[in-house]
Amino acid sequence: MSDSQIVVVDLDVSAADAPAVAERVRQWLLDEQIIVDEAESDWRDVDRAGPGWRATTEPGVGGASPDGIGATVGPHVHLPAENIGSSARCPVCGALVDSGAWVELASPVFTEWIEGSGVDRVPCPSCGAGHRTHGWLWDDGEPWALGFLGLTFWNWPELSDDFLARLRHNLDGHETCVINVHL
Ligand SMILES: [Zn+2]
């Protein structure tokens with residue numbers, strides 16, 4: 001059986017603030033019983049879904065309980081795995097960049113950003129405009145994003161707009177990027 005993930009990347013949190021924000025969001029998810037506190041569970045791994053998980057979806061979504069939620073704290077390239085599109089589109093000039101060429105273009109940017117010596121800016125080979133990784137548009141695939149905090153919902157149904165708004169509120173109102181990942 002294959003796994004799916006919904007990854008919500010905080011696009012604004014700093015490296016320094018990410019651990020505290022992650023702990024605060026975890027406490028909120030516990031308070032809402034969206035996850036359950038188990039002595040053996042580790043937030044940096046996965047916390048099991050709790051009885052309140054339905055509050056994260058549109059009303060009426062049924063089915064079995066999803067698996068759980070984990071957090072990735074620290075610089076990370078969040079990618080869609082099998083849900084990569086065939087090409088990325090520049091949001092300024094509309095040029096299409098084949099996915100293989102785009103990954104080649106972006107890889108050195110990712111490396112420098114992970115090492116802390118670069119900025120999240122992938123330049124368009126056509127018009128030269130630079131965009132943050134999540135700014136590139138994928139018409140037939142999911143976005144990529146760089147961030148210091150990502151929340152991973154394992155085998156979880158689609159998150160409602162209402163829940164995502166409440167989650168953003170608990171992330172200090174930061175912008176987020178939602179990536180539907182298929183492993
Ligand atoms: Zn362009």
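User: How are the donor residues of the zinc ion spaced in sequence?

Analyst: The spacing of the donor residues is C-x2-C-x30-C-x2-C. As to the basis, this is a predicted model in which local features need pLDDT of at least 70 and side-chain atom pairs count only at pLDDT 80 or more, while totals for chains, interfaces and linings use all residues. Residues are numbered from 1 along each chain as its sequence is written, and side-chain values use heavy atoms, with hydrogens and water left out.

User: What makes Cys90, Cys93, Cys124 and Cys127 donors of the zinc ion?

Analyst: Donors are N, O and S atoms within 2.8 Å of the metal (3.2 Å for Na, K and Ca); water is not among the atoms, so sites may look incomplete. The SG atoms of Cys90, Cys93, Cys124 and Cys127 coordinate the zinc ion at 2.3 to 2.4 Å.

User: Why is the arrangement around the zinc ion called tetrahedral?

Analyst: Four donors count as tetrahedral if all angles lie between 85 and 135 degrees. Here the four donor atoms subtend angles of 106 to 114°, and the arrangement is therefore tetrahedral.

User: Which parts does the pair Cys90 and Cys124 tie together?

Analyst: Cys90 lies in the loop between strands S4 (87-89) and S5 (96-98), and Cys124 in the loop between strands S6 (122-123) and S7 (130-131), so the pair ties together parts that are 34 residues apart in sequence. Strands are DSSP runs (E, at least two residues), numbered from the N terminus.

User: Why is the pair of Trp138 and Trp144 called stacked?

Analyst: Rings of Phe, Tyr and Trp (its six-membered ring) pair if their centres lie within 6.5 Å; planes under 30 degrees apart count as stacked, over 60 as edge-to-face and the rest as tilted. The structure holds 10 aromatic pairs. For Trp138 and Trp144 the centres are 6.5 Å apart and the planes at 20°, so this pair is stacked.

User: What makes the pair of Phe153 and Trp156 edge-to-face?

Analyst: The ring centres of Phe153 and Trp156 are 5.3 Å apart and the planes stand at 85°, so the pair is edge-to-face.

User: Why does Phe153 count as buried?

Analyst: Buried means under 20% relative accessible area, exposed over 50%, partly exposed in between (1.4 Å probe, protein chains only). Phe153 has 0% relative accessibility and therefore counts as buried. Trp156, at 7%, also counts as buried.

User: How many bridges join strand S3 (residues 68-78) and S9?

Analyst: Two strands pair if DSSP finds at least two bridges between them. S3 and S9 pair in the antiparallel sense over nine bridges.

Methods. Tetrahedral: all angles 85-135°; square planar, octahedral: opposite > 155°, others 65-115°. Helix = DSSP H or I, 4+ residues; strand = E, 2+ residues; numbered from the N terminus.
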